[in-house]
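Here's a quick briefing to read alongside the model. Grab the sequence and the structure, and let's walk through them topic by topic.

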Amino acid sequence: MSFLKLEGIKKTFGDIEVIKGVSFAAEKGEFVVFVGPSGCGKSTLLRMIAGLEDVSDGKLAIENRDVTYEEPAKREVSMVFQSYALYPHMSVFENMAFGLRMNKQPEDQIKARVLEAARILQIEPLLERKPRALSGGQRQRVAIGRSIVRNPKIFLFDEPLSNLDAELRTQMRVEIAKLHHNLGATMVYVTHDQVEAMTLADRIVVLRAGLVEQIGTPTELYDHPANIFVAGFIGSPKMNFLQAKAESDGKVLKLAHPAFTGGVLTLPTPKAAKVKNGDTVTVGLRPEHLALSSAKPLLSLTLDLQENLGGATQLYARSGGETIIMVAPGRPEIAVGDTIAAGIDPHNIYLFNASGLAL
Amino acid sequence: MAQTTATPNRGYGRWTPLWFLAPAVLTLFLIGIYPTIFALVTSFRQYNITRPRDGFPFIGFENYINVLSDSTFWSSLLLTARFYVTVLPIQIVLGVAIALLLHKPGMGFLKSLARVTLVVPLATTYAVVGLIGRLIFNRDFGVANQFLNWIGFPGFDWLGSQSGAFAAIAIMDIWQWTPFCALLFLAGLSMVPGEIEEAARLETSSKLALLRYVQLPYLLPGLTAVMILRSADVLKLFDMVFVMTRGGPGSATDLVSVYIQRVGFRVFDLGTASAQAILLLILTIVISRLYIRLIYREVN
C-alpha cells in the first residue's frame, strides 16, 4: 500500500471546480513535487492534504488511515508556508517547541528535539531571537525546523523558496534536498518553478487547471512528455513548437514548415504509422538540443537577437513567422541578420498530434 | 523690458496652514483646554456661585484636602471601581466571544449585518440609553420584569432597590459597550495572518490553545485600548446613570461623576467639584500609563 494516497480528490468553491478529480499515490520516503502554472490548484491540493481545505469529493489516506475528514493537527503532517508563518511573539526555540508542547511532550524531550533540529539546520545561535530579528533565509530554516521537531509522517512545502532572493533560493534548495536525503522523510512540495521541481523531485506531478497532466520522474517528464503542455512546462528555456503539415507513408514522415531547410523535414520514424496524410503535427525542439551546424542542417533561420550568458549564448532566430530559441555553447561568430543553419539529433525531436498528445 | 522674477501668487502664503488649523484648534481650545485650565484654577480657589459676595479667593490646597478627607468621595470612587470591575470583564469576555463568532468563515451576509448592528449601541447617546433603561427596568411595565415572569420568576423592583439599580446600570453599560469591545477584538483577530493561524491549526486541534497562544497576542493592543477608554469613560460616566437613577436609591449608583455633579451643580461648590475633577483626570492618566506599561505589547 502507498504511504500517501489521493483518490478522485475534488474541490469546489461555490460553483467553480478547482480540483477536478486527482488520483495519485506516493511511497514512503518519496519526494513528490506538484508543479504547474498559477491557478492550477497545486497549493489547494497541498492544503487539502494538510486538512486546511475541506475535500469536496474523493478520499485521502495517510499510511492506510482515511484522513479525508480528519482535523489538520491529527493528520501528523507538518507544513512550511510561503510566508514562513512563524509565531511573531515567540522566540525561535518556542516556535519550534510549540507543536510538541501542544502534544504535551515532556520538557526534557522537547528541549532535546529542538536542539537537535537547530543543530541540523545550523540555527543554534538564533534560538533566543524573535522572528523579526531574523533574515528571510533564517526564518525559512526555523520554519523547516518547526516541521522537523514534530517528526511528522509527511512534510508539506508550499512554495517555500519563492520569497527568497535567487542566490539564497539555490542554497536552500540544496539544503532541502540534503535534508530529504538525511531524514528519509516523505515530502510533498509545491512550486511553480520547474527548476526546483526537476532538481528536488523523485517524482513530479504536473497539474493544469485542476487536472493531472502527467506524473513521472524528472527524467521521464523531460524525455517523454505526455503532451505539449508538459513538454513546454518542463525544461528551460521552453521547448520550441512548430506546427507542420504531415505526409506519411507509414514509415517515413514528411513535415512541411517554412523553417525546415527546403521547407520539408523528412523523418523515418515508427511514429509515422500514427499519422495520416494532411494531419497537423506539432514538432517540438528543445533549445539545448539544437546545434549550429552546416553539415546536416534541418532548420534554416534568420538570427534576430543573441544573448550572451558568458559560457553560452542564447539565440533567437526567426523563420516563417516563428521564433526559435536555441542555446549554443561559447560565443558563436554570427551577427544579427545572418542566416544560420541548425541541426538536431532526430531522436531529440518530439512529435505531438493535433490534440496535443505525444505521438 | 525687464522680466519680473516674482512667482505668481497662488494664494499660498506663510500663514495659510494656520487658517486651515485655526477652526479646529480654536474649537478644541474653547471646549477642551479652556475649561480644563478654568477647572485647574478654580480648584485652588473658593468658588460658590450662590455666594457671589465671598468672591473668588485663593485657598491653596484646601479644596484638595477637603476632597481627600471626604468619605463620600472615597465611597463613590470605590463604587465606580466596583462598577468598572463588574462590567469590564463581562464586556471583554462577551466581546471576545462575539469577535470569535464573527471571525469564523462563512455566512458572509449575516455577518456583515451583525457587524453593522454592533455600531448601533455605540451611536446611541448615553442619555437615551438611560431613558431606554428606565423603560426596560420599570417595575410595572418594563420588559425586564416581563421576561422574568416568562421564565417563571416574580417581578422585581429594579430601580427601587440598591442591588437592582446597580445591576440595571451595569446591564445598560454592558449593552452599550460590549459591541465596542467586539469590534476592537474583531480587528485584532483579523490582524492574525492567515498562514500563522493555519500553522497553529496543524500543531494543535484545541481552539482554546489557538486563542491563548496565537490569537491573544494580537488582541492585547485592543485590550489595552478597551481598558484605558473604559476606565476613563466609567470615571466620567454620568448621563446614563443620572437619567436612570440619579445616583439612587440611597447612594447605590452614586458613581463619582454623579457625585461631582451634585457637589458642583446642586451645592454649587465649584471649587471642591473642580478639585475632584482634577483628581479624576490625574487618576485616569495614571491608570492609562499603568495599562500601557503592563499590558500593551505590539506583536510585530
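What percentage of the 300 residues of chain B count as buried? For chain B it's 32%, where buried takes 20 or more other C-beta atoms within 10 Å of a residue's own, exposed takes 12 or fewer, partly exposed is in between, and C-beta atoms are placed from the backbone. Keep in mind that this is a predicted model, in which local features need pLDDT of at least 70 and side-chain atom pairs count only at pLDDT 80 or more, while totals for chains, interfaces and linings use all residues. Residues are numbered from 1 along each chain as its sequence is written, with chains lettered from A and ligands numbered from 1 in the order in which they are written.

**Chain B overall**

- Chain B has 12 helices and zero strands, going by DSSP runs numbered from the N terminus (helices are H or I with at least four residues, strands are E with at least two).
- The radius of gyration of chain B is 25 Å, whereas a compact globule of 300 residues would come out near 19 Å; that radius is taken over C-alpha atoms, and the globule rule is 2.2 Å times the number of residues to the power 0.38.
- Along the principal axes, the C-alpha atoms of chain B fill a box of roughly 85 × 70 × 35 Å.
- Take the contacts in chain B with a separation of 6 or more: 69% of them join residues 24 or more positions apart, a contact being two residues whose C-beta atoms, placed from the backbone, lie within 7 Å.

**What UniProt says about chain B**

- The unreviewed UniProt entry lists "domain: ABC transmembrane type-1" at residues 77-291 of chain B; UniProt positions follow the numbering used here, feature names are shortened, and annotations may be inferred rather than shown by experiment.
- That span, 77-291 of chain B, is 79% helix and 0% strand in the model, and its end C-alpha atoms lie 19 Å apart.
- UniProt (unreviewed entry) also places "transmembrane region" features on chain B, including residues 83-102 and 114-137.
- In the model, residues 83-102 of chain B are 100% helix, with end C-alpha atoms 28 Å apart.
- Residues 114-137 of chain B come to 88% helix and 0% strand, and there the end C-alpha atoms lie 26 Å apart.

**Chain A overall**

- Chain A has eight helices and 20 strands, and its C-alpha trace spans about 75 × 45 × 35 Å along the principal axes.
- Of the 359 residues of chain A, 40% count as buried.
- Contacts between residues 24 or more positions apart make up 64% of those in chain A with a separation of 6 or more.
- Gly262(A) sits in the loop between strand 12 (252-256) and strand 13 (264-268) of chain A.
- Why does Gly262(A) count as exposed? Because Gly262(A) has 10 C-beta neighbours inside 10 Å.
- From Gly262(A) to Ser83(A) it's 54 Å, C-alpha to C-alpha, and 179 residues in sequence.

**Domains of chain A**

- Four residues of domain 1 of chain A are in contact with five residues of domain 2 of chain A.
- UniProt (unreviewed entry) puts "domain: ABC transporter" at residues 4-234 of chain A, a span that is 37% helix and 26% strand in the model.

**Where the chains meet**

- 16 residues of chain B are in contact with 19 residues of chain A.
- Helix 8 of chain B gives the largest share of the chain B side, seven residues.
- By class, the side of chain B that touches chain A has nine nonpolar, three polar and four charged residues (Ala, Val, Leu, Ile, Met, Phe, Trp, Tyr, Cys and Pro are nonpolar, Asp, Glu, Lys and Arg charged, and the others, Gly among them, polar).

**The largest nonpolar core**

- The largest nonpolar core has 162 residues, and among the members that touch the most others are Val33(A), Leu156(A) and Phe185(B); a core here is a set of buried Ala, Val, Leu, Ile, Met, Phe, Trp, Tyr and Cys residues joined through C-beta atoms within 7 Å.
- Helix 7 (residues 162-191) of chain B supplies the largest share of this core, 13 residues.
- Both domain 1 (4-233) and domain 2 (240-352) of chain A give residues to this core, so it lies between them.
- Leaving aside neighbours within four places in sequence, Phe185(B) is in contact with Gly95(B), Val96(B), Ala99(B), Leu219(B) and Gly222(B).

How values were computed:
Domains from an automatic or database assignment.
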